[in-house]
Amino acid sequence: MPSKEPSSQLKPTTVDLNKISPGAKESSPSKLENPLLDSPPLPISPSPLLPSASLTRRELLAAFLGLPVALAACSATKTPSLPQGEIVGASNDTGHRLRDGQHVEVAADHWQRVKVVIVGGGVAGLAAARKLLQAGVDDFVLLELEREAGGTARSGTSPLVAYPWGAHYLPAPMKENVALVGLLEEMGLLEGKDQDGEPIVAEQFLCRDPEERIFFKGRWYEGLYLRAGATSDDLAQFDRFNNEVKKLVAWRDAKGRRAFALPIANSSDDAEINQLDRLTMGEWLNRHSLTSPRLRWLVDYACRDDYGMTVEQTSAWAGLFYFCSRVKKPGDDAEPLITFPEGNGRLVNYLFDKAKAKARLGFAAAEIIPIETNGRAGVDVIAVSHDGETSRGFHAERVIFAAPHFLSRFVIRDYRDQPPAHVAEFEYGAWLVANLFLRDRPKDKGFPLCWDNVFYDSDSLGYVVATHQRGIDRGATVFTYYYPLCDEDPKQARQRLLDKDWAQLADVVLTDMSRAHTEIRSLVERLDVMRWGHAMIRPRPNFVRSAARREAAKAYRNIHFAHTDLSGVALFEEAFYHGNRAAEEIVGGKQ
Amino acid sequence: MFVLHDAFFPVPCSLTKMNRTPIIFLNVLVIATCGLVYELLAGTLASYVLGDSVTQFSLIIGIYLSALGIGAWLSGFIDTGLARRFIEVEIAVALLGGFSAPLLFLSFARLSYFQVVLYAIVLGVGTLVGLELPLLMRLLKDTLAFKDLVSRVLTFDYIGALVASLLFPLFLVPKLGLVRTSLAFGLLNAAVGLWATWLLAPLMKGKVTGLRLRAVAVMVLLVMGFIKADSLTKLAEEDLFADEIIYTKTTAYQRIVITRSRAGFQLFLNGHLQFSSADEYRYHEALVHPAMMAAGGKPHRVLVLGGGDGLAVREILRYPTVESVTLVDLDPAMTKLSAAFPPLAELNKHSFADPRVQVINQDAMIWLENAVAPFDIAIIDFPDPNTFALGKLYTTRFYKLLKARLTPEAALAIQSTSPLFARQSYWCIMKTLEAAGFAVRPYQTAVPSFGVWGFALARLQDFAPPTVAPSGLRFLDDRAMQGLFASSTDTSPVPVEVNRLDNQALVRYYESEWKRYE
């Protein structure tokens, strides 16, 4: 299979990695030409894929926010000023270098023996590490390419409040998700169990009311479904949709399994439910004559929010999973959301703390080589430091590959030579996330500031407010802005994101925010941007319930796979599940 | 209003030839009116802010009258250019008098200066006004016989006083408010000055352009003041409050407004009445003493959450066993005002000056997360839960945090809005306290400014409500104390949800209930 990645056009670069490491540079509008801030994947050599320089502001804004917004924003005579800020995180270069098969040598005295190497320090890798430690296995190392663990659940801190850089909530698990309930209990987030044995999450960790609001035609409304101005037909369709959801929540297969359960491994594999994966969510709505624009907006928002895909792109199985998996009984509200100022950063920081001694941050697995010596299977792992200067080798018995699955064909030697068919099935969406540091809050018309604040007319998802859960209700705050790039071709989306510099993306963010907050530019003191090239697995039709996905999760020689993408959706619960599962495969194998 | 006939002023002179003398007497009238208005403004503001209106009015009148004398005496040193001096004085009065009320309003914020500014303004205005009449009389001395001159000038002077004293309480204060009255009369003064540059032109040598420019400049300043007056008190806001606004401040957290009426003064936060000095004792006695007596009447360490007006602290400090009072209120502007604004500081008996009282300006919930010392008594006096930011201070989470900071024998009292107007809200607070693990005794009383008002008395174990009151209170005696805990049918419990951080049920009840009365 040909690669989904544009590797043929990308040459290995020799950029000094130190210079673009997080926090190393502070950019300002005047530094537009700074090549270190422009397009990290290929900033030096001239390339046909570098269109950003020629992009006008209007074209830029139109590409992200649509032409009307672009025209309105550009009608002003001068370009508005930008605050301070920089591009942070995601080491595209190291990753791209590895992808391009850079050869790494390890000196003979830099090899060591370990039982297990965990590749990847996101939720799955950290969960696996915790599981190994719990099982008494402490002879392992965890390699993480970035200088911080946590993957897309990472977070940042400011003197005022911590804030998320990606995943920012976890629906309260039901009692069936024993492992996750165990983690929350260990973290002290639970206050016991109710009469049905369901875990009770302590009030202060549940998303504080008011949770969400939506901006429509100059005014904020409570909730995510736009009730204001809805016709009776809109409301009837909304009810019908909810009734379909209720039916699916109540549905059980012959073995008594739910249609949609967390972890997904506990869901039914009955054909009736699996066939939902053959449709897009849009097609499913059409089949049920659900055409109300408000309803479709809500479902589209849900798909974009959870999967970074539109309602027309998302598998109906995944779309319905979102609405059904977090509801206990038909008619119940969805499970409340557990959140922290720093989002899921709290969870991964806790997990990382447990495994800190084993972690090698800023070390990427450059090559994973299954071997057999004297009839004993093992895996050699070659790791290279962030700056490419240092290398280490590990003779491991087992490897837990807890990185996104698409990377397997760049680092697992056998996969490089002959990638299994399933690898190419894993597609990832690109996301733009920005943190806006405000000296004061904008003034609002209508419903007051919520945790989650959504613009009805925008392709972005709006913003969450870090101070909300902290109980800081006045003055300075941090808004975290999310924009999934839902292009049909994820490669193009990635390119479209990665070839923009800080100033361009900051302008996009601020222009989008100005829809609801005209004074936003005068309130933002700093704006940092994260460009997630491979933010989330894309649950498109015929993937989520596919054989390819199941194949990918099977151990290959002594390599065990653990990542949320193996579930076809990007969720903390799934990453946690796969991390535990992979570790159990090893621990179980030992016993 | 006052039609002047030529026949009234039958004298030959350069001025009378041009029929200008009668108009000059109109000047006298305006000057007299303006002068008295400034005096009344100063007296009113002084009694609003410093209280004790008899003393304040006597002092202001005394200073003003003696300043008139100073002015009259000083006029003796002016020998030349009488007309020019007269107009200059007029413009100066316009400037100082016109800005007197705004200046005084601004100096509220720094109260140590208030009296200095007040008396300086009164002295200045009085002196200038005192200069005017002698100068004018000397200007007119050649056009009228002495007996006519004295008779007419004094007539118009006293008519002016009458006009001012009628206009001031009947029209100016109720319609314009103090700040705009002051600016409007400044404008009138300046206009008269400008007009006089034409009237008195025959008596002046040289050019008058400079004088006119000065008059216009002062008028422009005053008009700008008029426009900016909204930042001191908004006209719309003055419509909102029944009584005269005497203090406003927009802080980072809220808008503080103090109004003054015959019955006393009132504090508003974001437009919501917090207390009226006329009947706040009923509220604060009911808020503080049941908890104090329920816990045995010998409290040592007392916590007050909210209550930045210091009135609950006043009641707490009646107990000699109190060793410390920790008051946590979000807004430093509020607690500072209560300590320094004389009428408020008097009302709270200077409780913030008591060495046992410690003020912490922080969000109560965030403070509670880190607080350590256990308290015997907690008095909670937050504004009603009309925003989500306030609603969080009435949640199970909040009460659980508080519970962890109390001694086992502690008692807790909470202002809980009106059980009559906001019945669900009231019972929601009771139920939330119970859900947080407290034994709760609801109680209520009548506070005329508020209506029927509700409170919660809570302890960690079940308890009987207190039956005795401390002696020396204005409202509570033993029988009134027992009466607080009597129930009534129209305020009896209704089914409600518990208020949690993740549902904020209380804010929603409160909004739907008070909406009916707005």
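**Close-up views of a predicted two-chain model**

**Figure 1. Surroundings of A:F260 in the predicted model.** Leaving aside residues up to four places away in sequence, A:F260 touches A:L248, A:S267, A:I273, A:L276, A:W317, A:L320, A:F321, A:C324 and A:S325. The structure shown here and in the views that follow is a predicted model. A:F260 also belongs to the largest nonpolar core, which holds 98 residues. Together with A:V117, A:F241, A:W284 and A:I368, A:F260 is among the residues that touch the most other members of this core. At least three residues of the core come from each of domain 1 (103-155 + 343-425 + 544-590) and domain 2 (208-335) of chain A. Another core, lying apart from this one, has 85 residues, including B:I91, B:V125, B:V208 and B:F341.

**Figure 2. The two domains of chain A and their contact.** The domain assignment divides chain A into domain 1, made of the segments 103-155, 343-425 and 544-590, and domain 2, spanning 208-335. Between the C-alpha centres of these two domains the distance is 33 Å. Domain 1 of chain A contributes 10 residues to the contact, and domain 2 of chain A contributes 15 residues. Chain A as a whole contains 19 helices and 21 strands. Of its 591 residues, 61% are buried. Among contacts in chain A with a separation of 6 or more, 72% join residues 24 or more positions apart.

Figure 3. The rings of A:F572 and A:F576 are stacked, with 6.0 Å from centre to centre and 15 degrees between the planes. Both residues lie in helix α19 (residues 572-590) of chain A, and because they are 4 residues apart there, about one helical turn separates them. A:F572 and A:F576 are both buried. Over all chains, the structure holds 41 aromatic pairs.

**Figure 4. A stacked aromatic pair between two strands of chain B.** The ring centres of B:Y443 and B:F455 lie 5.2 Å apart and their planes meet at 15 degrees; planes under 30 degrees apart count as stacked, so this pair is stacked. B:Y443 is in strand β10 (residues 439-447) of chain B, whereas B:F455 is in strand β11 (residues 451-459) of chain B, and 12 residues separate the two. B:Y443 and B:F455 are both buried. These two residues also belong to one aromatic cluster, together with B:Y283, B:F450, B:W453 and B:F485.

**Figure 5. Arginine side chains over phenylalanine rings.** In chain A, A:R496 lies over the face of A:F64, at 4.9 Å from the ring centre. In chain B, B:R301 is placed over the face of B:F375, and the distance to the ring centre is 5.1 Å.

**Figure 6. Domains of chain B.** The assignment for chain B gives domain 1 (6-232), domain 2 (242-273) and domain 3 (276-515). The C-alpha centres of domain 1 and domain 3 of chain B are 51 Å apart.

**Figure 7. Model confidence along chain A.** The average pLDDT of chain A is 88, and 89% of the residues score at least 70. Over residues 1-51 of chain A, by contrast, pLDDT stays under 50. For this segment the model has 87 contacts beyond four places in sequence.

How values were computed
Residues are numbered from 1 along each chain as its sequence is written. Chains are lettered from A and ligands numbered from 1 in the order in which they are written. This is a predicted model: local features need pLDDT of at least 70, side-chain atom pairs count only at pLDDT 80 or more; totals for chains, interfaces and linings use all residues. Side-chain values use heavy atoms; hydrogens and water are left out. Rings of Phe, Tyr and Trp (its six-membered ring) pair if their centres lie within 6.5 Å; planes under 30 degrees apart count as stacked, over 60 as edge-to-face and the rest as tilted. Buried means under 20% relative accessible area, exposed over 50%, partly exposed in between (1.4 Å probe, protein chains only). A charge sits over a ring if NZ of Lys or CZ of Arg is within 6 Å of the ring centre and within 35 degrees of the ring normal. pLDDT is the predictor's confidence in each residue, from 0 to 100. Contact means heavy atoms within 4.5 Å. A nonpolar core is a set of buried Ala, Val, Leu, Ile, Met, Phe, Trp, Tyr and Cys residues joined through side-chain atoms within 4.5 Å. Domain bounds come from an automatic or database domain assignment.
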